[in-house]
Amino acid sequence: DMYFKAGSPVPGEQLPPFDLPTTEGGRVSSRQVRGSKPILLITGSLTCPMTASSNPLVKELHSEFGDDVEFVMLHVREAHPGERRPQPASTEEKARHARELKERDDLPFT
């Protein structure tokens, strides 16, 4: 998990097409976020301490650059699942974890 496979996207490369649910019940697609603004695609999870510790800085960056850069956080698999927060077994559970992360860290972006 700590390496990128050959053919993985690299900085500056165009994002592959995607269409994903949002925590607000809508959808976000690559078509929506492509345009004149660069995209900062952030990956994280509810149980990840690096996500929790970096989100205050990311929020500062969003405050400063949010008009010029599209910020999107992609909730990935749980970094440290356990009894209280197991690895989601369904899309609905993963969406709940993503909503909880957005609320916990008061994230102002998609």
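The model is a predicted one, and every value below was computed from it. The protein has three helices and four strands, and from the N terminus on these elements follow the order β-β-α-β-α-β-α. Its radius of gyration is 14 Å, close to the 13 Å that the globule rule gives for 110 residues, so the protein is as compact as a globular protein of that length.

**Overall fold and surface**

- The C-alpha trace of the protein spans about 45 × 35 × 25 Å when it is taken along the principal axes.
- Of the 110 residues, 27% count as buried, and the protein exposes about 7,900 Å², of which carbon and sulfur atoms supply 55%.
- When contacts between residues at least 6 apart in sequence are considered, 61% of them join residues that are at least 24 apart.

**Helix 2 and its surroundings**

- Helix 2 covers residues 49-65, which makes 17 residues, and from its first C-alpha to its last it reaches 24 Å, close to the 24 Å expected at 1.5 Å a residue.
- The helix bends by about 40 degrees at Asn55, and a proline, Pro56, follows within four residues of that position.
- Thr51, Asn55 and Val58 are buried in helix 2, and the cover over the buried residues of this helix includes strand 3 (39-44), strand 4 (70-75) and helix 3 (91-104).
- An α-helix has 3.6 residues a turn, so residues three or four places apart point the same way.
- Asn55, the residue at which helix 2 bends, has a relative accessible area of 0%, and it counts as buried because the cut-off is under 20%.
- Once neighbours within four places in sequence are left aside, Asn55 is in contact with Met73, Leu101, Asp105 and Leu107.
- Ser53 is also found in helix 2, but at 56% relative accessibility Ser53 counts as exposed, because the cut-off for that class is over 50%.
- The C-alpha atoms of Ser53 and Asp105 are separated by 9.8 Å, although these two residues are 52 residues apart along the chain.

**The aromatic pair**

- A search of the whole structure finds one aromatic pair, formed by Phe71 and Phe109, whose ring centres are 5.7 Å apart and whose planes stand at 40 degrees, so the pair is tilted.

**The segment after helix 3**

- Asp106 is placed in the segment after helix 3, and it has a positive phi of about 50 degrees although it is not a glycine.
- Asp106 is exposed, with a relative accessible area of 56%.
- Pro108 has its place in the segment after helix 3 as well, and with a relative accessible area of 47% it is partly exposed.
- Not counting residues up to four places away in sequence, Pro108 touches Lys59, His62 and Lys102.
- Pro108 and His97 are eleven residues apart in sequence, and their C-alpha atoms are 16 Å apart in space.

**Val33 in helix 1**

- Val33 lies in helix 1, which is made of residues 30-33, and at 6% relative accessibility Val33 counts as buried.
- With its neighbours within four places in sequence left aside, Val33 is in contact with Phe18, Val28, Ile39, Glu70 and Val72.

Technical notes. Residues are numbered from 1 along each chain as its sequence is written. This is a predicted model: local features need pLDDT of at least 70, side-chain atom pairs count only at pLDDT 80 or more; totals for chains, interfaces and linings use all residues. Side-chain values use heavy atoms; hydrogens and water are left out. Helices (H or I, at least four residues) and strands (E, at least two) are DSSP runs, numbered from the N terminus. The expected span of a helix is 1.5 Å times one less than its number of residues. The bend at a residue is the angle between axes fitted to the seven residues ending there and the seven starting there. Buried means under 20% relative accessible area, exposed over 50%, partly exposed in between (1.4 Å probe, protein chains only). Contact means heavy atoms within 4.5 Å. Rings of Phe, Tyr and Trp (its six-membered ring) pair if their centres lie within 6.5 Å; planes under 30 degrees apart count as stacked, over 60 as edge-to-face and the rest as tilted. The radius of gyration is taken over C-alpha atoms; the globule rule is 2.2 Å times the number of residues to the power 0.38. Accessible areas come from the Shrake-Rupley method with a 1.4 Å probe; for residues, only the protein chains shown count as cover.
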